[in-house]
Amino acid sequence: MSASQVTGAELAGVPVVHRTCTGDGSPSCSQIADSWRDGDGRRLPGCRRALGLPAGPLVLAAFSAGGHIVKRLLADPRDRAEVAAVVLADATYTTEWTDRAQAFAAPIGSLVDYAAEAAGAGRLFVAKASSAPNKQHPTGAQTLAAVARELGSRVRVEEGALAGLPAPERRWEGSGVHLLDYGARYSHAAHATELAPKVWAALVRSWFEGVT
């Protein structure tokens, strides 16, 4: 959302490209991502052309409805293979429930797939969420919990404490995977303005330093 979020975590000589969107815009974040889909079912090649992205591995980051772009870019395994890291700031949103009465959101399959592939493979997946209302749809925190449940059946993901960041209400971690549920401790907007810089400093920068 803002270059200030990644201050101190950039890689020298690596360009940062922004693409703004909103959930109810015309086109919306979802429509933008779908406009990049080619006849082979991939979106990342079209994204690279549209945004002038260089060849090589990418770091995808999003806030809020921008997550609809990221989850679509991760839908195809060939596209996921070109992504080195994903960093989501309260951007785990879906309209789907598995059990609305129990407040169980449906997991976002492409995020689960990427996180499972990233775990232990030198890649990074960071997602933090809030319990800010999302109309009649699941909150970001409810969807994050669904991702954690689904991911836990595929890789080792444990709850625990985290040094260097404000304490979340719940946290799940596997090798290279960090899922942080801040509940109502931070507003939706504060995930971009207050928490994102701390996440990049505490988690993403250290990962960058280990990248060869």
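**Strand β5 and its place in the chain**

In this predicted model, five bridges join β5 to strand β8 (residues 177–181), and the two strands run parallel.

Q: What makes β5 and β8 a pair of strands?
A: Two strands pair if at least two bridges are found between them. Five bridges join β5 to β8, so the pair meets that condition. One of the contributing residues is A129, whose bridge partner in β8 is D181.

Q: How do you know that strand β2 also pairs with β5?
A: The condition is again at least two bridges. Strand β2 (residues 83–89) is joined to β5 by five bridges, therefore the two are paired, and they run parallel. In β5, V126 is the bridge partner of V87.

Q: Why is strand β5 called mostly covered?
A: A residue is buried when its relative accessible area is under 20%. Six of the six residues in β5 (residues 124–129) fall in that class, so the strand is described as mostly covered. L124, V126 and K128 point one way from the strand, F125, A127 and A129 point the other way, and all are buried. Over the protein chain, buried residues make up 48% of the 212 residues.

Q: How do you know whether the radius of gyration of the protein chain agrees or disagrees with that of a compact globule?
A: For 212 residues, a compact globule would have a radius of gyration near 17 Å. The protein chain has 16 Å, so the value agrees. Its C-alpha trace spans about 40 × 35 × 30 Å along the principal axes.

Methods: Residues numbered from 1 in each chain as written. Predicted model: local features only at pLDDT ≥ 70, side-chain atom pairs only at ≥ 80, totals over all residues. Heavy atoms only, no water. Buried < 20%, exposed > 50% of the residue type's maximum accessible area, 1.4 Å probe, protein only. Helix = DSSP H or I, 4+ residues; strand = E, 2+ residues; numbered from the N terminus. Rg over C-alpha atoms; globule rule 2.2 N^0.38 Å.
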